[in-house]
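Here is a short briefing to read alongside the model. Have the viewer open and follow along.

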Amino acid sequence: MTAISSSQSNQTESLKRRFETSKGDKNIGTQNVNKIMNGDANSSDVHLPVTEIHLKSHEWFGDFITKHEVPRKVFHSSIGFITLYLYTQGIEYRNVIKPLAIAFVNILVLDIIRLNWPFFNNMYCHVVGLLMRKKEIHTYNGVLWYILGLLFSFYFFSKDIALMSVLLLSWSDTAASTFGRKFGHLTPKIVPNKSLAGSLAAFIVGVVSCLILYGFFFPCFPHLNGPGVISWTPETNKLSLLQLSILGGFVASLSEGIDVFNWDDNFTIPVLSSIFLSFVIRIFKID
């Protein structure tokens, strides 16, 4: 952790010097770097100048990538659909832990290399630039937090909780970001950088996700779930499907809106949603 903090500190100072010698308002450039490197929750809205990073994809498509993040959100949302497909194919969810761990190590190694080798970083960013936020050019990839959050949920929790954490991260987080950016200025702020519009979107999508998983997929594929594998069923819990879904929406909204030590929400959403859902289901479990 000390090495990472030192590396980020050096990157911050380097970026400040570059901004101060670049064209335009020097003070604005320095402020933007501070916001990005300090992990501001809205730092994705503060973009590095195209002249600094030279990502052609960001130059060609502009706001399509840098502001609306369409390719990133499409990929983000697709994880939920891929997860449901793998479930229907009988893939044991705990068998995914090893590939996720391998992916985490590989991406971490690549990040360490690229952050210390500008030439490789330049090539790397040109290959996957469509899926990257500009702040990730000089910091660790958000995918690392995404995988780490899923590893936590898949390792410590039951099958249904793990799958729900994926859906909430994939769909509710995307909905909150999309509607928060679009309509957030029309609604009050619940907490700094989190609007009512985004939280409502996360809640609604969370409710729908819970209904889809517990109300459709689990009943339609009962042969894929052994005894006790699913923590909530109508026979073993006092909560109805609708009540559980509403609580699922609340958990989605809450975990998306909470700022925990400025950690990446790709990590906090699956972790907090898994903990909250598991706790609620256990409270109302029929003895």
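The buried residues of helix H9 pack against H6, helix H7 (97-116), helix H10 (159-183) and helix H13 (265-283). Contact here means heavy atoms within 4.5 Å, and buried means under 20% relative accessible area with a 1.4 Å probe, counting protein chains only. Please keep in mind that this is a predicted model, in which local features need pLDDT of at least 70, side-chain atom pairs count only at pLDDT 80 or more, and totals for chains, interfaces and linings use all residues. Residues are numbered from 1 along each chain as its sequence is written, and side-chain values use heavy atoms, with hydrogens and water left out.

**Helix H9**
- H9 covers residues 142-156, and its 15 residues reach 22 Å from first C-alpha to last, close to the 21 Å expected at 1.5 Å a residue; the expected span is 1.5 Å times one less than the number of residues.
- Its buried residues include Leu144, Tyr146, Ile147, Leu150, Leu151 and Phe154.

**Helix H6**
- The 19 residues of H6 (residues 70-88) should span 27 Å at 1.5 Å a residue, which agrees with the 28 Å between its end C-alpha atoms.
- Among the buried residues of H6 are Pro71, Arg72, His76, Ile79, Leu84 and Tyr87.

**The whole chain**
- The chain holds 13 helices and 2 strands, taken as DSSP runs numbered from the N terminus (helices H or I, at least four residues; strands E, at least two).
- Of its 287 residues, 45% are buried.

Definitions and conventions. Buried < 20%, exposed > 50% of the residue type's maximum accessible area, 1.4 Å probe, protein only.
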